[in-house]
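This report looks at how one protein chain is put together.

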Amino acid sequence: MTSRPQILFLLAMILIFAGCNKSYDEKIGGVEIPIPRGMKKSDGAGLEVALLGFGGGQSSFRGQLEPGNVIEFYEKEMPSRGWQPNAGVVSKGGMLTYAKDNRTVIIMVGGNNDTTTMTVTVGGTSR
């Protein structure tokens with residue numbers, strides 16, 4: 001028979017592991033992009049473009065995360081999803097670029113007072 005403390009411990013462990021999901025996916029320009037938990041989509045639906053074999057999109061996000069933590073998240077997460085890093089400029093925020101399958105992702109991160117803003121732009125050509 002299971003005791004009450006064991007049940008409470010088990011429930012606590014379940015809640016801890018359920019909270020370990022540190023990101024969610026957002027479709028931008030037809031591409032699934034990981035977004036760190038704590039960053040919420042800004043007002044508006046974002047921008048989607050499809051014209052003569054070129055497609056892309058852009059969405060903005062804001063949250064209470066440190067800009068450096070957002071940069072670190074993408075430096076780990078994008079390569080683990082097969083995105084190859086390109087140019088990047090980092091200083092208390094910054095810009096990172098990644099490429100995969102004729103697509104380019106540009107992630108711009110900045111901080112202002114207690115709020116971090118992020119813009120994700122996806123562009124590329126269809127095969």
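In this predicted model, the largest nonpolar core has 21 residues. Tyr-74, Ile-107, Met-118 and Val-120 have the most contacts inside this core.

| Element | Residues |
|---|---|
| Strand E7 | 94-100 |
| Strand E8 | 103-112 |

Helix H2 gives the largest share of the core, five residues. In soluble globular proteins, nonpolar side chains tend to be buried together.

What is Met-118 in contact with, leaving aside its neighbours within four places in sequence? The list includes Tyr-74 and Ile-107.

Strands E7 and E8 run antiparallel and are joined by seven bridges. Lys-100 has Arg-103 in E8 as its bridge partner. The two strands form a hairpin with two residues between them; Asp-101, in the turn, has a positive phi of about 50 degrees.

As a whole, the chain contains two helices and nine strands, in the order α-β-β-β-β-β-α-β-β-β-β along the sequence. Of its 127 residues, 31% are buried. Among contacts with a separation of 6 or more, 46% join residues 24 or more positions apart. The chain exposes about 8,300 Å², and carbon and sulfur atoms supply 57% of that area.

Methods:
Residues are numbered from 1 along each chain as its sequence is written. This is a predicted model: local features need pLDDT of at least 70, side-chain atom pairs count only at pLDDT 80 or more; totals for chains, interfaces and linings use all residues. Side-chain values use heavy atoms; hydrogens and water are left out. Two strands pair if DSSP finds at least two bridges between them. Helices (H or I, at least four residues) and strands (E, at least two) are DSSP runs, numbered from the N terminus. A nonpolar core is a set of buried Ala, Val, Leu, Ile, Met, Phe, Trp, Tyr and Cys residues joined through side-chain atoms within 4.5 Å. Buried means under 20% relative accessible area, exposed over 50%, partly exposed in between (1.4 Å probe, protein chains only). Contact means heavy atoms within 4.5 Å. Accessible areas come from the Shrake-Rupley method with a 1.4 Å probe; for residues, only the protein chains shown count as cover.
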